[in-house]
Amino acid sequence: EGDTLVGVLHGLALAGPAADPTAAAASGCERALAALQKRLERHGWRSGNAKQVAASRKRKAIGKPFHGLGLVVPYDPKTEVGYRTLNCTEQEFRALLHGVSTGKASEAQRTELETTLTFADVANDECDFGHSLEVGLDLFCFCRPGVDDSLHRHSTRLLRTAYMLLGRTLFETLIGPMMARRVAKRLVLPQPMDES
């Protein structure tokens, strides 16, 4: 369906490089496009349109992490197992993380963050893996250069655990080295996709 990352990247590459690329950039795009095409063919995947994939994903989403693409995890609506909502709104969680990351958090705010992290662990124990995935992704998206390294560590721990419990072993394997490099190099993530 073109709903894999490789399919979306292939669809974007087919659209061509941005305005007036250099010869080197165009050559790099062609090589990347060829590599993506090989990967698609090898796995029987189709090319995807990023906006269509994002819209499809939002329809399936049961949570809304900071990245804006929605959270898709196995969820049984009858038993309500697989996901539970956060104990605060997105704006409240962002404000809490901002206070903690800048060192301006009150004792009550630090306690609230610890409670949120504990709730994520309890959610895992009760098979609501989507909850810890959402908290981990929110921390991952929030962490920027200069942000308290403890938030990076909490994000890594929650994401590793959630990916393992959800059977997403590739992500589980990648998150540790990715976060270590990100912290060391102070990498900045792009902003979420525009919803228009």
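Residues are numbered from 1 along each chain as its sequence is written, and side-chain values use heavy atoms, with hydrogens and water left out. Because the model is predicted, local features need pLDDT of at least 70 and side-chain atom pairs count only at pLDDT 80 or more, while totals for chains, interfaces and linings use all residues.

Start with the interior. In soluble globular proteins, nonpolar side chains tend to be buried together. A nonpolar core here is a set of buried Ala, Val, Leu, Ile, Met, Phe, Trp, Tyr and Cys residues joined through side-chain atoms within 4.5 Å. Buried means under 20% relative accessible area, exposed means over 50%, and partly exposed lies in between (1.4 Å probe, protein chains only). The largest such core has 18 residues. Phe93, Leu97, Leu113, Val135, Leu139 and Leu151 have the most contacts inside it. Helix 4, helix 5, helix 6 and helix 7 each supply at least two residues of this core. Helices are DSSP runs (H or I, at least four residues), numbered from the N terminus.

Look at Leu113. Setting aside neighbours within four places in sequence, Leu113 is in contact (heavy atoms within 4.5 Å) with Phe93, Leu96, Leu97, Val100 and Leu151. There is also a second, separate core of 13 residues. Among its members are Val73, Leu133, Leu137 and Leu166.

Now turn to the charged side chains. A salt bridge is a side-chain nitrogen of Lys or Arg within 4 Å of a carboxyl oxygen of Asp or Glu. The whole structure holds 5 of them. One joins Asp128 to Arg84, at 2.6 Å from N to O. This pair links distant parts of the chain, 44 residues apart. Asp128 sits in the loop between helix 5 and helix 6, and Arg84 in the loop between helix 3 and helix 4. Asp128 is buried, with a relative accessible area of 5%. Arg84 is partly exposed, at 26%.

Glu107 pairs with Arg110, the closest N and O atoms being 3.0 Å apart. The two residues are 3 apart in helix 5, about one turn of the helix. Glu107 is exposed, with a relative accessible area of 54%. Arg110 counts as partly exposed, at 37%.

The closest N and O atoms of Asp121 and Arg157 are 2.8 Å apart. Asp121 lies in helix 5 and Arg157 in helix 7 (residues 149–165), so the pair ties together parts that are 36 residues apart in sequence. Asp121 is partly exposed, with a relative accessible area of 30%. Arg157 is partly exposed too, at 33%. Elsewhere, salt bridges that share partners join Arg84, Glu126 and Asp128 into one network.

Finally, check the backbone in the loops. Glu80 has a phi near 60°, a positive value in a residue other than glycine. Glu80 lies in the loop between helix 3 (50–60) and helix 4 (90–101). Glu80 counts as exposed, at 53% relative accessibility. Cys127 has a phi near 65°, also positive in a residue other than glycine. Cys127 lies in the loop between helix 5 (107–125) and helix 6 (129–142). Its relative accessible area is 39%, so Cys127 is partly exposed.
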